[in-house]
Amino acid sequence: MTILCVRFQLPPMYEAVLPQLLGLLEEFTPVVEALPPDGALADLRGAERYFGRDAVELASVIRVRALALYGVDCVTGAGPGPMLARMALRYARPGLTRAVAEGEEREFLAGKPVAALPGVGTATARTLCEYGLDTLGRVAAAPLSTLQRLVGARAGRELHEKAQGVDRGRVVPNGVSRSLAADRPFERDELDPGRHRRALLSAAEELGTRLRAVGKVCRTLTLTVRYADRSATTRSRTLSEPTAHSAALTRTAYDMYEALGLQRARVRSIALRAEGLAPAEQASHQLTFDPVDEKARRIEEVADRARAKFGPRAVMPGSLAA
């Protein structure tokens, strides 16, 4: 059991905590793959040897740390490979790790419905069930040639292997999540548009800081406004160019907010999500000769160095606004 699949039990407004939780996993292994919005895969082969504990024991330590540091519980599955760890997660209970030990793969899979296997869609499952292959145990026992006639040569071979517990997948480290989120809940339902805008400014500055810290730019910005009646409005906008510049993110956030035309809306929280992340060094930028914009970017660089040296509170949110 060397692969861990973790799903953190994050309320929607706390998705922004995922990067910190990924950092917690990276304290045990550098091989961590984010599964937004609330999960991750971790390859613990090196960690098991280093700490002298198996994956189930390490999962317990990770859960305790997530609860102690962030107040977030988690559900965990463990297995010899990513596919088995994901499937084990489906049958795990909060606070416990569902583990599939090496050598127990076929026994674990045998009674599961064929649709439970990752990669098996509705149409494929229907075809297999029409021929009596409704469980993974029956699929594993079927001749390979039969499966290939039913679903195709390549798909049949992969299906046959997976049903027998052969897991050729691997954990692919992807550093940060494919998206980053910043949420600003209000202590009480907020009517004041000025406070809404200040929350947007704070969230945009946080996203910009985090993007620059990991050397990323975003292509799309998504705004979610949640109301007192638990309904929500979501709007997305593609940026004119990929950026991690806080001022550009703030302008886009303001534009989306104004386009909503909220009138006396009782807002419970405001969230921004940066999506379509890409390495900053691969992004192209339009040259500008605007001295105000250049000054803002230089101030950002100084503020980022201050945060890196003295901590995230060295520069308070909103203090860089023009």
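Guide: Start with the contact itself. From α10, P193, H196, R197, L200, L201, A204, E205, L207, G208, T209, L211 and R212 meet S246, L249, T250, A253, Y254, Y257 and E258 of α11. Contact means heavy atoms within 4.5 Å. Helices (H or I, at least four residues) and strands (E, at least two) are DSSP runs, numbered from the N terminus.

This is a predicted model: local features need pLDDT of at least 70, side-chain atom pairs count only at pLDDT 80 or more, and totals for chains, interfaces and linings use all residues. Residues are numbered from 1 along each chain as its sequence is written, and side-chain values use heavy atoms, with hydrogens and water left out.

Now the geometry. The axes of α10 and α11 lie 8 Å apart, at an angle of about 145°. Axes are lines fitted to C-alpha atoms, for helices over the stretch in contact, and angles run from 0 to 180 degrees between N-to-C directions.

Next, the core. The largest nonpolar core has 30 residues, and L200, L207, L211, L223, L249 and L272 have the most contacts inside it. Such a core is a set of buried Ala, Val, Leu, Ile, Met, Phe, Trp, Tyr and Cys residues joined through side-chain atoms within 4.5 Å. Buried means under 20% relative accessible area (1.4 Å probe, protein chains only). β6, α10, β7, α11 and β9 each supply at least two residues of this core. α10 gives the most, with seven.

Terms used. Buried < 20%, exposed > 50% of the residue type's maximum accessible area, 1.4 Å probe, protein only.
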